[in-house]
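This report covers a two-chain model. Read it with the structure open.

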Amino acid sequence: MTDATNADLPYSEPAGVKKGSLMTQDARTRKRNAAEKRFKAYGVIAISIGMLMLLVLVYNIISRGTGAFQQTFVTLDVELSAERLDKVGNRDINDLRKVSTFGYAPLLREAFEAKVAEHGIETDLSSKDMAGILSPSAPALLRNYVLSTPSVIGETIKFEFLASGRVDGYLKDRVTRDSIAEDKNISPAQLDFVDQLLEVGFVEKRFNMNFITGADSSDARPEAAGMGVSMLGSLFMMLVVLALALPIGVAASIYLEEFAPKNWITDIIEVNISNLAAVPSIVFGILGLAVFINYMHLPNSAPLVGGLVLTLMTLPTIIISTRASLKAVPPSIRDAALGVGASKMQSVFHHVLPLAAPGILTGTIIGLAQALGETAPLLLIGMVGFIASNPPDSIASGLLDPNSAMPAQIYEWAKRSDPAFYERAWGGIIILLGFLITMNTIAVILRRRFERRW
Amino acid sequence: MALGVTGYVILAVLALTVVAFIAAKARAKSAAGGDVRLLHSLPNYYGYNAAMFTAVPALGVLVIWLMAQPMLIENAIFDRLPDHLIEDGFSRNLMMSDVRRVAEGLDVAVSAGAMTEERADRIRTEFSDVRSILGSVGVALGSDVRPEVLSAAQQYRKSSAIGMGWMTGVVLILAALGAFVSVFVSGADFRARNVVERFVLSMLIVAASLAILTTVGIVLSMLFESLNFFRMHPWTDFFFGGQWAPNFRGNSDLSILPLLWGTLYISIVALMVAIPIGLFAAIYLSEYAGPKVRAFAKPLLEILAGIPTIVYGLFALLTVGPFLVSIFGRGEAGLLGVDWMSGATAVLTAGLVMGIMLIPFVSSLSDDIINAVPQAMRDGSLGLGSTKSETIRQVVLPAALPGIVGAVLLAASRAIGETMIVVLGAGAIAKFSLNPLEAMTTITTRIVSQLTGDTDFASPETLVAFALGLTLFVLTLGLNVLALYIVRRYREQYE
């Protein structure tokens with residue numbers, strides 16, 4: 001092949017034919033150099049595309065998600081009139097309970113009317129439409145407050161209510177007067193009213209703690225939805241993963257690395273582990289559904305089941321990294337221990353394992369971070385499709401009661417039709433990535449600090 | 001009552017374990033007359049040995065008992081249920097879960113004080129409204145309790161109580177026996193360390209075999225349900241039919257071919273994005289980039305692999321999809337003034353985003369492989385006067401080709417098994433089409449949609465998900481094994 005190409009080249013002609021100077025490039029050299037430059041440019045372009053994509057992704061997440069951490073609040077002075085809330089007049093909690101949330105709605109309307117009168121705001125809106133800029137959860141919030149402290153009845157108290165999702169979107173430029181043309185939930189007049197309230201400072205956008213600590217909410221109330229409960233679900237799953245995957249993974253690695261004889265059984269186990277690491281995550285979800293829920297009758301949607309499934313997924317990661325760090329401990333350590341009379345088991349548990357611990361820890365954290373972001377298997381064991389509204393009150397209920405998890409909650413929001421939930425989903429991603437970045441940083445720091453070169 | 005019988009039994013066994021540990025250690029020490037050097041093993045090993053013999057058999061029996069007892073009782077009760085109940089269209093599982101619910105309800109009622117123990121055993125649907133009594137303590141039953149179910153539930157409770165009694169006895173006796181024997185043998189000549197170490201070793205082996213157990217579990221769980229599926233649905237339709245149209249009233253067309261087409265099409269688009277970018281990035285990083293650029297660019301690229309797939313899914317659905325629509329869709333208002341794309345979900349949407357996700361897979365694997373090509377080969381080529389790019393194209397890449405093929409196969413297996421990106425970005429329409437701007441669906445998407453929500457494990461529309469899962473498993477496993485084989489063979493070549 002080389003001969004064939006050489007036959008076409010100019011300098012394969014008889015000697016002395018080559019003209020020109022070494023100082024000037026001939027056409028062929030120029031062509032080759034250009035090809036060289038082009039090839040290098042392809043590489044630069046490829047890397048730039050990769051970086052650009054990362055940049056676009058990060059920019060997207062931040063620009064769309066930070067809005068979820070801010071929320072619009074409306075400040076109102078509500079007169080908790082006794083004749084509406086306590087007709088009997090004895091402040092008996094059982095009588096107070098009889099007034100439903102509907103009974104509290106008029107209070108809000110009156111509060112708006114008073115506000116309009118006080119500040120001379122000119123508006124054609126009915127008081128019902130004015131109250132429409134509040135979240136539908138406002139009367140319930142009022143009712144819960146009154147039921148918890150009945151003594152406030154009769155007083156006028158300053159409340160901060162969540163504005164409805166549309167109003168919140170208006171302040172965040174997501175909702176415009178054009179986009180609500182066919183929207184039944186809000187009218188341009190209401191937005192004008194919001195502008196007027198904004199001027200006198202009774203509508204305000206500020207940091208929203210509820211998004212981080214709160215629970216999910218129903219489709220109609222995107223403004224009240226939060227990540228808190230699903231974060232607890234993720235926490236309990238990670239506890240299960242840590243409690244099971246770490247000891248089992250370390251035990252398996254110790255056996256494979258230190259004790260296992262070289263035979264076909266060991267080979268099968270090793271091939272098995274490397275293949276398990278590449279099995280699609282959804283297959284683990286099917287396994288969880290078939291074995292843990294259908295066969296063992298563990299409760300649906302429980303973080304315990306999610307944790308078990310994620311344990312099986314994380315095991316290969318932990319085993320692979322643990323084996324690597326066991327392998328990195330030099331044989332002289334083992335020999336020295338054996339030489340002073342330790343048994344094989346003692347040399348491993350008293351000397352090799354402590355030296356390998358930082359590496360094992362790093363691998364475990366990275367495995368946990370992977371498990372934290374995994375979504376697909378959770379869909380199959382039912383951790384989506386419902387509203388995770390109550391934070392668990394004990395460890396047992398945290399493990400066994402239906403809950404969501406961070407990525408499942410994000411998926412849930414992404415599927416809802418109201419764009420206000422998309423903002424929540426991006427915001428949820430910021431929180432999720434925050435956890436992942438923290439975990440990976442800890443892993444990197446651990447590796448840098450404790451890694452030993454022998 | 002908060003702990004339940006099982007909790008108290010476990011606590012008792014643990015207490016006994018601690019006692020055995022202390023007793024055995026003390027006995028060994030006293031057998032040596034206070035001089036620890038006369039013992040065969042360190043004193044703690046005698047303690048561990050005793051603790052092990054006390055706890056392990058007792059807790060093992062406890063676990064097995066707890067798993068076996070409900071099954072045995074259910075079988076016994078099921079045999080006694082009148083046949084007409086089951087023929088009424090009640091499946092066995094539904095029936096038994098009814099019985100379990102009522103039995104649990106009775107337990108709750110007794111512990112909440114709504115009923116006495118005696119009344120729970122004798123209550124009859126003919127005389128009192130069991131459903132409302134249970135409802136009053138917070139146990140909601142779907143329908144009225146049938147007399148047969150109630151009596152079966154009472155039978156269930158009675159048998160469970162007897163079983164629990166026996167279990168408590170057996171477990172405690174076993175623990176006491178273990179403690180007694182192990183403390184008794186703890187003399188100076190007893191080789192406690194060897195026994196303990198043998199036990200630890202067997203635990204290590206059990207942990208290592210869990211990997212195999214998982215694989216077996218995956219295969220068996222999917223195989224059984226798949227067999228159930230093929231009993232209800234002709235396998236010829238599944239493998240060779242041309243339609244995917246599940247219909248929950250029955251008589252559905254469930255063929256994998258349109259799904260497989262969607263899966264492969266999206267994967268091909270993804271690989272067409274990932275292979276050139278990933279490969280050129282790897283070549284640049286390993287051949288051209290200086291150590292500083294490398295230390296900066298490589299980890300940044302690898303961040304793309306660490307981002308959870310749900311993030312990419314959202315990116316596809318809410319960013320890339322609408323962006324593509326603004327180019328290819330919307331008619332006059334769009335960038336190209338055409339109306340080829342109707343919705344954000346499409347093959348191209350999912351494929352592009354999946355391609356981005358796969359870039360680091362291709363690049364870091366190829367990077368490793370290119371680095372493994374011996375330097376002597378490059379030096380030889382450069383010494384003959386070829387430029388760097390000529391060396392790479394004609395020497396390095398051919399030498400690394402098998403490894404790169406392996407890397408691409410691994411990326412392909414990732415693409416086929418990827419779920420979240422396609423669930424959010426690819427759409428739900430199963431069809432054979434070559435248009436990348438149309439929505440299509442994949443195997444993983446259909447698994448998710450058939451198995452979420454209310455599922456009935458007796459209908460082929462649900463069970464087909466297991467057959468799909470098995471196919472997916474076999475497909476990705478095949479690709480992985482092939483890839484690992486190629487990579488491994490290639491590595492040996494240069495070592």
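## A covered helix in chain B

In α17(B), the buried residues are I443(B), T444(B), T445(B), R446(B), I447(B), V448(B), Q450(B) and L451(B). Buried here means 20 or more other C-beta atoms within 10 Å of a residue's own, with C-beta atoms placed from the backbone; 12 or fewer counts as exposed, and in between as partly exposed. Helix α17 spans residues 443-451 of chain B and is mostly covered, with 8 of its 9 residues buried. Helices are DSSP runs (H or I, at least four residues), numbered from the N terminus, and strands are E runs of at least two.

## Basis of the model

The model is predicted: local features need pLDDT of at least 70, side-chain atom pairs count only at pLDDT 80 or more, and totals for chains, interfaces and linings use all residues. Residues are numbered from 1 along each chain as its sequence is written, while chains are lettered from A and ligands numbered from 1 in the order in which they are written.

## Domains

Domain bounds come from an automatic or database domain assignment. Chain A has domain 1 (70-207) and domain 2 (228-450). Their C-alpha centres lie 46 Å apart.

Chain B is divided into domain 1 (4-190), domain 2 (192-232) and domain 3 (244-493). The C-alpha centres of domains 2 and 3 of chain B lie 32 Å apart. In chain B, 8 residues of domain 2 are in contact with 8 residues of domain 3. Contact means C-beta atoms, placed from the backbone, within 7 Å. The domain 2 side of this contact in chain B has 5 nonpolar, 2 polar and 1 charged residues. Nonpolar covers Ala, Val, Leu, Ile, Met, Phe, Trp, Tyr, Cys and Pro; charged covers Asp, Glu, Lys and Arg; the others, Gly among them, are polar.

## Helix crossing in chain A

Helix α2 (residues 27-65) and helix α20 (residues 419-450) of chain A have axes that come within 8 Å and cross at roughly 120°. The pair is therefore oblique. Axes are lines fitted to C-alpha atoms, for helices over the stretch in contact, and angles run from 0 to 180 degrees between N-to-C directions. Under 35 degrees is roughly parallel, over 145 roughly antiparallel, 65 to 115 roughly perpendicular, and the rest oblique.

From α2(A), the contact takes I61(A), R64(A) and G65(A); from α20(A), E423(A), W426(A), G427(A), I429(A) and I430(A). By class, that is 4 nonpolar, 2 polar and 2 charged residues.

## Between the chains

Chain A gives 64 residues to the contact and chain B 66. On the chain A side, α2(A) gives the most, with 17 residues. That side divides into 48 nonpolar, 13 polar and 3 charged residues.

Methods
Two residues are in contact if their C-beta atoms, placed from the backbone, lie within 7 Å.
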